[in-house]
Amino acid sequence: MPSHSETRHLPYQPRQMYDLVADVARYPEFLPWCAAARIRRRYQDGAAEVMEADLVIRFKVFSERFGSRVTLFPDEMRIVTEYLDGPFKFLKSEWTFSEATGGCDISFYVDFEFKNAVLQKVIGLVFNEAMHRIVRAFEARAKELYGAA
């Protein structure tokens, strides 16, 4: 069961980074291995906005679609993703965004396990590098959208 967490300091406003991560439909434009994204539905749940979304992930010979519930907590500057359906036994991730001197601190956590043991083994070999590439892709996207700070 791979898991990964890291905190990064970036020279952007927390709201900018929150908006970037919350824009799930645009992930195929910049995230490695994300081939497609579709928002199934959106609804309000109290102060939170909830999206049910499908992502298609392509890695080497594998191509998998999975559904997740993405809960946006704009007042808390937090985004939580929970697994709905697809190739995982489970998946959970969380992003938090907080103000810091010269920008913001972003914390990211993900924990998941694939149902397919072969796929789990393949991902396990490159998991840490893959997670770093994903975080760097968000950083590069921020620079593209908001400019160098």
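Before the structure itself, one term: a residue is called buried under 20% relative accessible area, exposed over 50%, and partly exposed in between, with a 1.4 Å probe and protein chains only. What you see is a predicted model, in which local features need pLDDT of at least 70 and side-chain atom pairs count only at pLDDT 80 or more, while totals for chains, interfaces and linings use all residues. Residues are numbered from 1 along each chain as its sequence is written, and side-chain values use heavy atoms, with hydrogens and water left out.

Let me begin with the charged side chains. Side chains of opposite charge can pair when their charged atoms come close. I use salt bridge for a side-chain nitrogen of Lys or Arg within 4 Å of a carboxyl oxygen of Asp or Glu, and by that criterion the structure holds 16 salt bridges.

Take arginine 78, which forms a salt bridge with glutamate 76, with 2.9 Å between the closest N and O atoms. Arginine 78 is partly exposed at a relative accessible area of 22%, and glutamate 76 also counts as partly exposed, at 49%. A further pair is arginine 26 with glutamate 29, whose side chains meet in a salt bridge at 2.9 Å, N to O. Here arginine 26 has a relative accessible area of 38% and is partly exposed, and glutamate 29, at 47%, is partly exposed as well.

For the next pair I need the secondary-structure labels: helices (H or I, at least four residues) and strands (E, at least two) are DSSP runs, numbered from the N terminus. Arginine 65 forms a salt bridge with aspartate 85, the closest N and O atoms lying 2.9 Å apart. Since arginine 65 sits in strand E4 (residues 62-73) and aspartate 85 in strand E5 (residues 78-85), the pair ties together parts that are 20 residues apart in sequence. Arginine 65 is partly exposed at 38%, and aspartate 85 is partly exposed at 25%. Both residues belong to a network of salt bridges that links Arg38, Arg40, Asp54, Arg65 and Asp85.

Now to strand E7, which covers residues 103-114 and is mostly covered, nine of its twelve residues being buried. What does E7 pair with? Two strands pair if DSSP finds at least two bridges between them. Strand E1 (residues 3-10) is joined to E7 by eight bridges, and the two run antiparallel; within that pairing, histidine 9 stands opposite aspartate 105. Strand E6 (residues 88-100) is joined to E7 by twelve bridges, again antiparallel, and there glutamate 94 has tyrosine 109 as its bridge partner.

Serine 93 also lies in strand E6, and at a relative accessible area of 8% serine 93 is buried. Leaving aside residues up to four places away in sequence, and taking contact as heavy atoms within 4.5 Å, serine 93 touches Ile79, Val80, Thr81, Phe108, Tyr109 and Val110.

Finally, the turn between E6 and E7. This hairpin has two residues between the strands, and glycine 102 takes a positive phi near 80° in it. Which residue is 89 places from glycine 102 in sequence, yet 8.8 Å away in space, C-alpha to C-alpha? That residue is glutamine 13, found in the loop between E1 and helix H1 (14-22), where glutamine 13 is partly exposed with a relative accessible area of 45%.
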